[in-house]
Amino acid sequence: MRPAIRSTFDVVSWLQSQAEQTEIDLSPSVLMKLLYLSQAVFAAENKKAKLIPATFLATDVGPIEPDLFIALEQGIAVDGAVDPSPAVEEVLGGVWESYSGMTDEMLSDILNNDVAIKTARQKGRNSEILIEDMVSAYPGGLKALLGMSQVSTFPDGSPYNVDHSNLEAAPPASQEVRFTADGRSVTRWVPKKRMRSKDLKK
């Protein structure tokens with residue numbers, strides 16, 4: 001499947017431009033993490049399509065695109081970067097809005113719980129993070145980042161959809177499903193027979 005933009009450097013240029021406008025110090029490590037998140041969210045939004053033609057590896061310091069990592073170390077930049085399409089810019093804007101104010105340590109804490117990265121690490125050091133695993137890691141896509149998702153999670157991290165519950169033992173329609181503060185599901189009991197005032201007088 002064709003990536004949504006011709007080069008990873010086009011997205012790097014867009015992110016660096018946002019950093020300059022907002023006076024945010026965009027370190028190479030933070031940049032790499034934002035690129036990974038952009039790739040994952042775009043794939044979740046677009047049926048596993050890649051945002052950029054890049055392969056991310058799971059390393060001890062987070063997800064790394066090895067070719068870009070070396071290029072950044074060498075100070076390689078691109079003149080005349082291609083502007084992203086509206087669909088691409090929407091995802092990039094959402095990722096930037098959600099994560100650009102975070103430190104490298106804060107982003108690392110988030111990505112330490114990323115199931116796609118965990119899956120890759122289980123295969124060995126520097127294993128590829130598969131695009132389908134990225135999609136599974138961000139089921140809410142862009143809406144989840146912006147706080148508009150219908151997908152939420154139980155305390156153990158397993159997802160549920162607030163519109164269409166995936167509870168295995170769903171109660172009948174006459175009973176209302178609620179959740180406690182710690183995320184456990186509880187059901188309001190409804191009596192089978194309604195009590196009438198004349199029954200109470202007997």
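Of the 202 residues in the chain, 35% count as buried, where buried means under 20% relative accessible area, exposed means over 50%, and partly exposed covers the range in between (1.4 Å probe, protein chains only). The model is predicted, so local features need pLDDT of at least 70 and side-chain atom pairs count only at pLDDT 80 or more, while totals for chains, interfaces and linings use all residues. Residues are numbered from 1 along each chain as its sequence is written, and side-chain values use heavy atoms, with hydrogens and water left out.

The chain holds 9 helices and 7 strands, taken as DSSP runs numbered from the N terminus (helices: H or I, at least four residues; strands: E, at least two). Its accessible surface comes to about 12700 Å², and carbon and sulfur atoms contribute 50% of that area; accessible areas come from the Shrake-Rupley method with a 1.4 Å probe, and for residues only the protein chains shown count as cover. Among contacts (heavy atoms within 4.5 Å) with a separation of 6 or more, 63% join residues 24 or more positions apart.

Beyond its neighbours within four places in sequence, Tyr36 is in contact with Phe56, Pro63, Leu111, Asp114, Ala116, Ile117, Ile129, Met134 and Tyr138. In soluble globular proteins, nonpolar side chains tend to be buried together.

Charged pairs complete the picture. Side chains of opposite charge can pair when their charged atoms come close. A search of the whole structure finds 2 salt bridges, each defined as a side-chain nitrogen of Lys or Arg within 4 Å of a carboxyl oxygen of Asp or Glu. In one, Asp104 meets Lys33 with an N to O distance of 2.9 Å. This pair links distant parts of the chain, with Asp104 in helix H5 (residues 104–111) and Lys33 in helix H2 (residues 28–45), 71 residues apart. Asp104 is partly exposed at 23% relative accessible area, whereas Lys33 counts as buried at 2%. Arg6 and Asp10 form a salt bridge whose closest N and O atoms are 2.8 Å apart. Here Arg6 counts as exposed, with 53% relative accessibility, and Asp10 counts as buried, with 2%.
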